[in-house]
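Visitor: I am new to protein structures. Could you walk me through this one, question by question?

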Amino acid sequence: MNKRIYLSPPHMSGEEKKYINEAFDSNWIAPIGPNVDEFENAICDYTGSRNCAALSSGTAAIHLALILLGVEQGDEVIASTFTFAATINPIIYQKATPVLVESEPESWNLSPKFLEEAICDRIAAGKKPRAIIFVHIYGMPGKMEDILFIARKYDIPLIEDASEAFGSKYKGEMLGTFGDLGVYSFNGNKIITTSGGGALVSNNKDWIDRAIHLATQARDEAPYYQHTEVGYNYRLSNVLAGIGRGQMQVIEERVSKRRTVNQFYRKHLDSLPGVQFFSEPTSEYFSNHWLTALIIDSEQSNGVTVESVRAKLAEHNIEARPFWKPMHLQPVFDSYPYYGDGFSERLFEEGLCLPSGSSLSEGDQLRIVGIVKELFLSK
Ligand SMILES: *Cc1c(COP(=O)(O)O)cnc(C)c1O
């Protein structure tokens, strides 16, 4: 059996251990220390955001973003339905109601049309949404101008869930910096990783200061332990931030390699019948191509389905994955309001993500395209 090829495995630069050793040598084995500070500085330098809080996960970052915006019990929060559950769970932590909104067919991200429809309908029903969580799926930017225009028109704060889109840009600006607050994830499967971790960024310094306060148990300034509000234990460990510092040294290479992997698949598989790659709509969109995603229209593919491709690759010990199952179809969320035309349901039925790691060798990639081509030829 060949060595397993994973969808998106961690890819260390070699520099991480230096910073981990520094943490051990200085005994900063804590959720505070020089690696945390320097990792935050590196994220600000790279993204152009003014302030950053390094946190224990992207989920924690979304949760704190909602708290900063005052989301509480009974409030409504609009969110992309085509996403991973971590976008929605923090809305429930706040005992608020998610209002799930469909994607549009160009960027596969939140549809401006359904967004405005949802906002107007909720306002008409007597409840203005407290926030919008916009997801950049698989690293692809959304229609930022239209979305920002609508968010401002109705004066609703925008949280960008750029968990999958670290290093992606829209019109040359880094994703995560368009909204009032931006979220990144450094989970083990993301484009760079701290094993588990995340970050919240904003140009509003007060918000980020308050996020750090809340993330460290909301301890008041006093020689004894005093608390005037409920806090969380959400800060990133200084040991793990050392991994992040090592990863930040190679972020440009990682983005460039994921894009090369994407181009390679495209070159070899784009002409197969019924295959359509998830693509940047115009040159204004720059995706980190965290995962290479494609859809197979089984009416044109001579009977090849995404499931048959996934199963064939699995036989060869290669991990490919179906798309995120939309949130409005999830048993846990399907009772919440949904606005859309079912577009992401079709994506879910027809979509597949191919192994996209930055450590994927050209030999392995050739093997993958060979297996997929053979399946199409055999039909
Ligand atoms: C990974 C991910 C998150 C959350 O990240 P964690 O760091 O694992 O908590 C949130 N939203 C999306 C879309 C993600 O893919």
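Visitor: Is Arg219 buried, partly exposed or exposed?
Guide: This is a predicted model. The relative accessible area of Arg219 is 32%. Buried means under 20%, and exposed means over 50%. The value falls in between, so Arg219 counts as partly exposed.

Visitor: Where does Arg219 sit, between which helices?
Guide: Arg219 lies in a loop. Beyond its neighbours within four places in sequence, its contacts include His213 and Tyr224. The loop runs between helix H7 (205-215) and helix H8 (238-248).

Visitor: Which strands stand at the edges of the open sheet of four strands?
Guide: The strand order is S10-S12-S15-S13, with antiparallel pairing. An edge strand has a single partner strand, so one side of it is left without a neighbour in the sheet. That describes S10 (275-277) and S13 (321-322).

Visitor: Which helix packs on that sheet?
Guide: The helix touches S10, S12 (292-296) and S15. Its direction makes about 155° with that of S10. The helix is H9 (residues 251-269).

Visitor: How much area is buried between domain 1 and domain 2?
Guide: The domain assignment gives domain 1 (16-250) and domain 2 (252-377). The contact takes 47 residues from domain 1 and 37 residues from domain 2. Carbon and sulfur atoms give 66% of the buried area. The total is about 4,000 Å².

Visitor: Which residues of domain 1 lose the most area to domain 2?
Guide: Three residues together make up 21% of what the domain 1 side buries. They are Trp108, Tyr138 and Ile191.

Methods:
Residues are numbered from 1 along each chain as its sequence is written. This is a predicted model: local features need pLDDT of at least 70, side-chain atom pairs count only at pLDDT 80 or more; totals for chains, interfaces and linings use all residues. Side-chain values use heavy atoms; hydrogens and water are left out. Two strands pair if DSSP finds at least two bridges between them. Helices (H or I, at least four residues) and strands (E, at least two) are DSSP runs, numbered from the N terminus. Contact means heavy atoms within 4.5 Å. Axes are lines fitted to C-alpha atoms, for helices over the stretch in contact, and angles run from 0 to 180 degrees between N-to-C directions. Buried means under 20% relative accessible area, exposed over 50%, partly exposed in between (1.4 Å probe, protein chains only). Domain bounds come from an automatic or database domain assignment. Buried area is the accessible area (1.4 Å probe) that two parts lose on being put together, summed over both.
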